[in-house]
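Here is a friendly walk through one protein model, written for someone who likes to know the cut-offs. Please have a look at the chain first, and then read on.

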Amino acid sequence: MSVSIEKSEDVWTVVHDRPDARNAVDTEHAEALAEAFLSFEASSAKAAVFWGKGGNFCAGWDLKLAASLANPERREAYFDKLAFPIGSAPSTLGPMGPSRLELSKPVIAAVEGAAVAGGMELALWCDIRVMAQTAYMGVFCRRWGITLMDGGSVRLPRLVGQGKALEIALTGRNVEAEECYRIGLAEKVVPQGTARSAAEDMAHEIARFPQEAVRADRRSIIETRGMPVRDALKVEWANGLDAIRREGTAGAARFRDGAGRHGDFSNI
């Protein structure tokens, strides 16, 4: 299988290794990617990195699969399988695999080369994006009449604003790493060939902290988007108070009893 997991202490790296297709995603690989991230969610690992082997993050939805859906019966059977359930029932997998999963732990995209079309949508699904200087994003599926259908039209404007999202999506143009960083599509740009190691370093940095607080703050940031301030403050309070009860008071006691006593907070 072209999807594997490499483990280093509390950090898992999910590797997509399908270089002959520039890591494009068909049904088999969508299911394998989703299974890998569900395994991460169920594990004791604290952070994950998502990396495409072979020089590209992901070229998107496999166009050979898309072309095979020209048959109406096959097309409808494929899309019926992906349909969202009614109400609050658990969602199905997305065409790209994990793009509908709502994990409780952070995932960092390590982007080398292309993260385009559905590959861009997978990168946007991640919490944080580390891009190589030569990496790029773009709605390249614009060329083939294929829509954003795996979170791109939802997550893109939330990161860059409606106007910029429309410009990127409607033109289908190439968005290079430095611009991605400038407009909020990437959080860090690193030399070519180092995106994975930089993302793993960041994941280890996150993993070293008490995790109840990490996950509570992550959850509050995600859950309160778009809420009125008062409602958002209530959610933040509930999430934060639970974490402090579980972990924070013990952490404060460690500080009181020696950690940081001399004003050096760098190793706490």
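Among contacts in the protein chain between residues at least 6 apart in sequence, what percentage join residues at least 24 apart? The share is 67%, where contact means heavy atoms within 4.5 Å.

## About the model

This is a predicted model, in which local features need pLDDT of at least 70, side-chain atom pairs count only at pLDDT 80 or more, and totals for chains, interfaces and linings use all residues. Residues are numbered from 1 along each chain as its sequence is written, and side-chain values use heavy atoms, with hydrogens and water left out.

## The chain as a whole

The protein chain holds 10 helices and 9 strands. Both are DSSP runs numbered from the N terminus: helices are H or I with at least four residues, and strands are E with at least two. The C-alpha trace spans about 70 × 45 × 40 Å along its principal axes.

Of the 268 residues, 44% count as buried. Buried means under 20% relative accessible area, exposed means over 50%, and partly exposed lies in between, with a 1.4 Å probe and protein chains only. The accessible surface of the protein chain is about 14100 Å², and carbon and sulfur atoms account for 54% of that; the areas come from the Shrake-Rupley method with a 1.4 Å probe, and for residues only the protein chains shown count as cover.

On the charge side, there are 33 positive and 36 negative side chains, and the centres of the two sets lie 3 Å apart. Lys and Arg count as positive and Asp and Glu as negative, while His and the chain ends are not counted. Each charge is placed at NZ of Lys, CZ of Arg, CG of Asp or CD of Glu.

Is strand β4 largely enclosed or left open? Of the 5 residues of β4 (residues 107-111), 5 are buried, so this strand is largely enclosed by the rest of the structure. V107, A109 and V111 point one way from β4, I108 and A110 point the other way, and all are buried.

Strands of a sheet pair through backbone hydrogen bonds, either parallel or antiparallel. Here two strands are said to pair if DSSP finds at least two bridges between them. Strand β3 (residues 47-52) pairs with β4 in the parallel sense over 4 bridges, and F50 has A109 in β4 as its bridge partner. β4 also pairs with strand β6 (residues 128-132), in the parallel sense over 4 bridges. In that pairing, V111 stands opposite M131 in β6.

Strand β7 (residues 136-138) and β8 pair in the antiparallel sense over 2 bridges, and Y136 has E176 in β8 as its bridge partner.

## The β1-β2 hairpin

β1 and strand β2 (residues 11-16) run antiparallel and are joined by 6 bridges, with S8 standing opposite V11 in β2. The hairpin has 2 residues between the strands. E9 lies in the loop there, is exposed with a relative accessible area of 72%, and takes a phi near 55 degrees, a positive value in a residue other than glycine.

S4 belongs to strand β1 (residues 3-8) and is partly exposed at 33% relative accessibility. Leaving aside neighbours within four places in sequence, S4 is in contact with T13, V14 and V15.

## Two more residues to look at

R22 is found in the loop between β2 and α1 (27-42). Phi of R22 is near 55 degrees, again a positive value in a residue other than glycine, and R22 is partly exposed at 37% relative accessibility.

G118 lies in helix α4 (residues 118-125) and is buried, at 6% relative accessibility. Not counting residues up to four places away in sequence, G118 touches G60, W61 and M96. G118 and C58 are 60 residues apart in sequence, with 7.6 Å between their C-alpha atoms.
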